[in-house]
Amino acid sequence: MLLDQRLTGVTGVTGPTGLDGVTGATGPTGLDGVTGVTGPTGLDGVTGVTGPTGLTGITGVTGPTGLDGVTGATGPTGLTGATGVTGPTGLTGFTGSTGATGTAVTATSLNAVDTGGSVYAVVLGGTNIALPIQDIGGGITANAGNTVFTVPTTGRYYITYQINITAALLVSTRLVINGAGNLPSTIAPVVGLTSFNNDVIVPLDAGSTISLQFFGLVGLATLIAGGAGATLTIIRVE
């Protein structure tokens, strides 16, 4: 059996929306409805019977209060002793006089120089060097030849010397103290030298003598001129 088939036509264009209509006037508020009558309150229920109160327990007997001890009597306060009289202030003693300033140990000193270019004929046993330019303090003295210097006070002395000669020689130098060569001050080279210097600290008695000496070579030694050809310095240090 054939169904009746009908073709649907094309939907047409939607037309324009029409204008809103005018809002109508608000109607009057309606009357409140009548409140209904409140019903009667129900009767309270019967209060139950209160149970009996339990018996209070018996209070124990209070023990007797002990007797207070006897308060000891307060002893009388002793009298304050009288303040003793303040003793007089002692007099300040006189300030003693200032003692004289002591002399410095190092005031006993000597610096003696030869700047003249002296020539010395050195002998094996030794030749003393003359030192005529002197700055002496504290009582040190020089002999007439300016080769032997004597210290006046016992003490420890620092002694130093410098010798400069014009040509290298295989000559030795030393200090001679109280006539004997002083070994710690000795310079005995194995090659010729032009300059010799050494220093020692030695204990000396008052009256001890010191000399500066060439020795050990038979020949001529010439000190440089115009400067420290030979210099000897002696200073008491203690």
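Me: How do E2 and strand E12 pair, in the parallel or the antiparallel sense?

Reply: In general, the strands of a sheet pair through backbone hydrogen bonds, and the pairing may be parallel or antiparallel. In this predicted model, E2 and strand E12 (residues 219-222) are joined by four bridges in the antiparallel sense.

Me: Which residues of E2 lie on its covered face, and which on its uncovered face?

Reply: The covered face of E2 carries Tyr120 and Val122. Val119 and Ala121 belong to the uncovered face.

Me: In what order do the five strands of the open sheet stand?

Reply: The order is E4-E1-E13-E7-E10, with antiparallel pairing. At the edges are strand E4 (133-137) and strand E10 (193-204), each of which pairs on one side only. From one strand to the next, the twist averages 10°.

Me: How many bridges join strand E7 to strand E13?

Reply: Strand E7 (residues 155-169) and strand E13 (residues 225-236) run antiparallel and are joined by seven bridges. Within this pair, isoleucine 163 stands opposite alanine 230 in E13.

Me: Threonine 231 lies in strand E13 as well. Is threonine 231 buried or exposed?

Reply: Threonine 231 counts as buried because its relative accessibility is 14%, and the cut-off for buried is under 20%. Leaving out residues up to four places away in sequence, threonine 231 touches Asn111, Ala112, Val113, Leu131, Thr160, Tyr161, Gln162 and Leu212.

Me: How should I read the nonpolar core, and which residues have the most contacts inside it?

Reply: The general idea is that nonpolar side chains tend to be buried together in soluble globular proteins. Here the largest nonpolar core has 30 residues, and those with the most contacts inside it are Ile129, Ile159, Ile163, Ile210, Phe214, Leu232 and Ile234. Two or more residues each come from strand E1 (109-116), strand E2 (119-122), E7, E8, E10, E11 and E13. E7 gives the largest share, five residues.

Me: Which residues are in contact with isoleucine 159, leaving aside its neighbours within four places in sequence?

Reply: Isoleucine 159 is in contact with Leu175, Asn198, Asp199, Val200, Val202, Leu204, Ile210, Leu232, Thr233 and Ile234.

Me: What does the side chain of glutamine 213 make polar contacts with?

Reply: Glutamine 213 lies in strand E11 (residues 209-215) and is buried, with a relative accessible area of 7%. Its side chain makes a polar contact with the side chain of asparagine 128 at 3.0 Å, and another with the side chain of arginine 174 at 2.8 Å. With neighbours within four places in sequence set aside, the residues in contact with glutamine 213 include Gly125, Thr127, Ser172 and Val176.

Me: How many residues lie between E8 and E9 in their hairpin?

Reply: The hairpin of E8 and E9 has two residues between the strands. The strands pair in the antiparallel sense over four bridges, and valine 176 has glycine 181 as its bridge partner in E9.

Me: Where do residues other than glycine have a positive phi?

Reply: One case is asparagine 178, with phi near 55°; this residue is found in the loop between strand E8 (172-177) and strand E9 (180-187). Asparagine 178 is partly exposed, with a relative accessible area of 49%. Another case is asparagine 146, with a positive phi of about 60°, in the loop between strand E5 (141-142) and strand E6 (149-150).

Me: Which totals describe burial, contacts and surface for the protein?

Reply: Of its 238 residues, 24% count as buried. Among contacts with a separation of 6 or more, 74% come from residues 24 or more positions apart. The protein exposes about 17700 Å², of which carbon and sulfur atoms supply 59%.

Notes:
Residues numbered from 1 in each chain as written. Predicted model: local features only at pLDDT ≥ 70, side-chain atom pairs only at ≥ 80, totals over all residues. Heavy atoms only, no water. Pairing = 2+ DSSP bridges. Axes fitted to C-alpha atoms, helices over the stretch in contact; angles between N-to-C directions. Buried < 20%, exposed > 50% of the residue type's maximum accessible area, 1.4 Å probe, protein only. Polar contact = N/O pair within 3.5 Å; in protein donor to acceptor, adjacent residues only side chain to side chain. Contact = heavy atoms within 4.5 Å. Core = buried A, V, L, I, M, F, W, Y, C linked by side-chain atoms within 4.5 Å. Areas by Shrake-Rupley, 256 points an atom, 1.4 Å probe, with all protein chains shown as cover.
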